[in-house]
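Here is a briefing on one protein chain. Keep the sequence and the 3D view open as you read.

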Amino acid sequence: MTDAGEHPAEGVEGGLAGVVAAEITAALEETARALLPVSAVERVGDEFVWSSDGRRFAVQAGATASLRIGAEIGAAALRTPDVDGSPLGPDWVAFSPPTLEGQARDRLIAWFLAAHRRAAP
């Protein structure tokens with residue numbers, strides 16, 4: 001999905017945060033492949049940005065995935081572990097799980113899909 005055979009997990013910071021970052025990348029890439037051709041990922045500095053028809057809906061920076069899930073879903077998401085508001089705007093949440101096991105992976109994928117639906121024209 002990335003340009004020139006580049007894999008988003010390359011170059012992430014080391015340690016546990018690096019492992020979580022690689023797991024987030026893998027989960028988002030796998031999910032995004034099912035959404036092709038309507039989703040794309042590009043590297044912007046140290047971030048990976050997923051978009052649909054030019055509309056950003058997910059941004060990964062290291063072990064944090066920011067997802068544009070909307071204010072209503074976002075309000076509920078903010079009551080779950082490892083979720084904060086995102087500097088990207090009120091429609092976004094920032095998800096920074098310490099591991100991507102069990103429910104954390106499920107939430108990431110569900111929110112990624114919800115964000116993708118919101119980005120649809």
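Predicted model: local features only at pLDDT ≥ 70, side-chain atom pairs only at ≥ 80, totals over all residues.

- Asp 91 forms a salt bridge with Arg 118. The closest N and O atoms of that pair are 3.0 Å apart.
- Asp 91 belongs to strand 6 and Arg 118 to helix 3, so this bridge ties together parts that lie 27 residues apart in sequence.
- Arg 118 has a relative accessibility of 36%, so it counts as partly exposed.
- The side chain of Asp 91 also meets that of Arg 68 in a salt bridge, at 3.5 Å from N to O.
- Arg 68 sits in strand 4 (residues 64–68) and Asp 91 in strand 6 (residues 89–95), so the pair connects parts 23 residues apart in sequence.
- Arg 68 is partly exposed too, because its relative accessibility is 23%.
- Shared partners join Arg 68, Asp 91 and Arg 118 into one network of salt bridges.

- How many salt bridges does the structure hold? There are three.
- One of them pairs Arg 105 with Glu 30, with the closest N and O atoms 3.4 Å apart.
- This pair links distant parts of the chain. Arg 105 is in helix 3 (residues 103–119), Glu 30 is in helix 1 (residues 15–33), and 75 residues separate them.
- Arg 105 is partly exposed, because its relative accessibility is 30%.
- Glu 30 is partly exposed as well, because its relative accessibility is 46%.

- Does the span of helix 3 agree or disagree with 1.5 Å a residue? It agrees, because 17 residues should span 24 Å and the end C-alpha atoms are 24 Å apart.
- Helix 3 has a set of buried residues. Among them are Ala 104, Arg 107, Leu 108, Ile 109, Trp 111 and Phe 112. Ala 114, Ala 115, His 116 and Ala 119 are buried too.
- The largest nonpolar core holds 28 residues. Trp 50, Leu 67, Ile 69, Leu 108 and Phe 112 touch the most other members.
- Helix 1, strand 2, strand 3, strand 4, strand 6 and helix 3 each supply at least two residues of this core.
- Which element gives the largest share of the core? Helix 3 does, with seven residues.
- What does Leu 108 touch, leaving out residues up to four places away in sequence? Its contacts are Ile 24, Ala 27, Leu 28, Ala 65, Leu 67, Phe 95 and Leu 100.

- Strand 5 (residues 83–86) pairs with strand 6 in the antiparallel sense, over four bridges.
- The two strands make a hairpin, with two residues between them.
- Ser 86 stands opposite Gly 89 of strand 6.
- Ser 66 lies in strand 4. Is Ser 66 buried or exposed? Ser 66 is buried, because its relative accessibility is 9% and the limit for buried is under 20%.
- Not counting residues up to four places away in sequence, Ser 66 touches Phe 57, Ala 58, Val 59, Ser 86, Leu 88, Trp 92, Val 93 and Ala 94.
- In a regular strand, side chains alternate between the two faces of the sheet.

**Two residues with positive phi**

- Asp 53 is not a glycine, although its phi is positive, at about 50 degrees.
- Where is Asp 53? It sits in the loop between strand 2 (47–52) and strand 3 (55–61).
- Asp 53 counts as exposed, because its relative accessibility is 53% and exposed means over 50%.
- Asp 82, also a residue other than glycine, has a positive phi near 70 degrees.
- The place of Asp 82 is the loop between helix 2 (71–77) and strand 5.
- Asp 82 is partly exposed, because its relative accessible area is 33%.

Key
Residues numbered from 1 in each chain as written. Heavy atoms only, no water. Salt bridge = Lys/Arg side-chain N within 4 Å of Asp/Glu carboxyl O. Buried < 20%, exposed > 50% of the residue type's maximum accessible area, 1.4 Å probe, protein only. Pairing = 2+ DSSP bridges. Expected span 1.5 Å × (residues − 1). Core = buried A, V, L, I, M, F, W, Y, C linked by side-chain atoms within 4.5 Å. Contact = heavy atoms within 4.5 Å.
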